[in-house]
Amino acid sequence: MDEELFENLPEPNDQDVERINPWRRPIIFTAWGIFLTTVVFRFLYLDKLLPAVGLLLMYLGLRPLRGENGGFKAAYWCSVGRLALELVALPIGVTPFYSAEAGYWLTVPAVLLQSGQLVALRAGLAGVFDRAGTERRLGSVNWLLVSTLVMAAGAILQLGNLGVFGIVFIILYIINVVAVARLPRALGDAGCVMRNSPVRLSDSAMAAATLGTLAVVTMCAWIGGLALSVPEARTFEPRNVISAPEGLPAEIWAILSDEDAALFEKAENIRYDRTADNENGGIEGMHLCTVSAQLPGAEILVLQYFSFDEGGPIFGDGFFLSEGNRL
């Protein structure tokens with residue numbers, strides 16, 4: 001009776017089989033994570049938001065696979081490391097402490113972790129195909145690994161825009177990411193049974209906790225950065241008014257480094273210009289000050305800074321010192 005019941009059941013269609021495939025969710029999450037952390041959209045702050053979402057997707061995708069084999073476990077811990085690095089890099093990026101040099105040193109471990117994660121992912125998938133005794137279908141993963149290593153080298157060497165070649169490269173990258181997203185069908189057809197690792201928090205709870213933490217930390221860093229970026233007005237006392245070169249304001253002579261002061265000590269024809277009120281975007285009490293001088297050897301020296309009626313010179317983005325331009 002039971003055998004007749006099962007014999008009369010309709011054959012499941014491909015869509016139903018695909019939907020219940022246990023490999024589908026982890027692999028698709030991982031593929032989307034690879035895409036969002038590699039292809040950058042530089043508008044509406046998507047270059048900041050989408051990589052964070054991509055890192056989270058890779059973490060959620062690899063989390064149930066970490067008990068499958070050593071490759072998946074290594075890829076999972078790489079995703080943990082990349083999330084932790086993002087928790088540091090994103091807040092720093094919205095503070096005054098961020099610079100091109102800081103961005104470079106944050107990029108190096110990021111691309112190394114990304115490359116290592118793909119190596120581990122390939123090893124994990126290879127192990128699953130081998131366990132099932134079927135042919136490895138890793139062409140797309142191999143291409144992504146090679147292309148990621150190429151992009152990692154370009155990022156570390158700080159290569160610029162590659163033009164048409166870059167566009168073709170991105171298109172090929174997207175095609176292979178889609179191919180990775182289709183691997184669950186191949187794994188299911190090969191009869192690969194997934195060894196699902198237990199988790200304590202659901203994907204939705206983990207996503208909310210991770211993104212919420214990242215948002216709070218970044219917001220606090222941004223607010224703190226705003227406070228730090230506002231300079232405190234203070235009165236400057238000149239180091240030695242008597243030795244200040246003629247024509248150089250005492251307020252700037254007071255805070256120049258010894259090296260910069262030495263340049264003005266040997267300069268001639270020092271000229272000082274200061275804008276009047278409301279000539280700098282209507283900001284009351286702020287003036288753009290320019291000091292120019294002639295150095296030996298027909299060279300000129302130019303120094304620019306902002307000065308306020310209350311307080312001393314303001315540096316930062318408003319400070320510019322140029323030396324060595326030929327007349």
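This is a predicted model: local features need pLDDT of at least 70, side-chain atom pairs count only at pLDDT 80 or more; totals for chains, interfaces and linings use all residues.
Visitor: How many helices and strands does the chain have?

Guide: Both are DSSP runs numbered from the N terminus: helices are H or I with at least four residues, strands are E with at least two. On that basis the chain has twelve helices and five strands.

Visitor: What share of the chain counts as buried?

Guide: Buried means under 20% relative accessible area, exposed is over 50%, and partly exposed is in between, using a 1.4 Å probe and protein chains only. The chain has 327 residues, and the share of them that counts as buried is 38%.

Visitor: How do the axes of α3 and α4 run, roughly parallel or roughly antiparallel?

Guide: Axes are lines fitted to C-alpha atoms, for helices over the stretch in contact, and angles run from 0 to 180 degrees between N-to-C directions. Helix α3 (residues 24-36) and helix α4 (residues 46-62) have axes that come within 7 Å and cross at roughly 155 degrees. Under 35 degrees counts as roughly parallel, over 145 as roughly antiparallel, 65 to 115 as roughly perpendicular and the rest as oblique. So α3 and α4 are roughly antiparallel.

Visitor: Which classes of residue make up the contact of α3 with α4?

Guide: Contact means heavy atoms within 4.5 Å, and the α3 side includes Phe29, Trp32 and Ile34, meeting α4 residues among them Leu50, Val53 and Leu57. For the classes, Ala, Val, Leu, Ile, Met, Phe, Trp, Tyr, Cys and Pro count as nonpolar, Asp, Glu, Lys and Arg as charged, and the others, Gly among them, as polar. The tally for α3 with α4 is twelve nonpolar, four polar and no charged residues.

Visitor: And α4 with α5, how many charged residues are in that contact?

Guide: α4 and helix α5 (residues 70-93) pack at about 155 degrees with axes 9 Å apart. Lys48 in α4 is one of the residues taking part, and α5 brings Arg82 and Glu86 among others. Alongside twelve nonpolar residues and one polar, the number of charged residues is three.

Visitor: Is Thr218 buried or exposed?

Guide: Thr218 is found in helix α10 (residues 203-229). Leaving aside neighbours within four places in sequence, Thr218 is in contact with Leu90, Pro91 and Val94. Its relative accessibility is 15%, so Thr218 counts as buried.

Visitor: Over in the strands, which residue in β2 is the bridge partner of Tyr272?

Guide: Two strands pair if DSSP finds at least two bridges between them. Strand β1 (residues 268-274) pairs with β2 in the antiparallel sense over five bridges. In β2, the partner of Tyr272 is Val291.

Visitor: Which residue takes a positive phi in the hairpin of β2 and β3?

Guide: β2 and strand β3 (residues 299-308) run antiparallel, joined by ten bridges, and Leu295 stands opposite Glu299 in β3. The hairpin has three residues between the strands, and the one with a positive phi near 85 degrees is Gly297.

Visitor: Why is β2 described as largely enclosed by the rest of the structure?

Guide: Strand β2 spans residues 286-295, ten residues in total. It is largely enclosed because the number of its residues that are buried is seven.

Technical notes
Residues are numbered from 1 along each chain as its sequence is written. Side-chain values use heavy atoms; hydrogens and water are left out.
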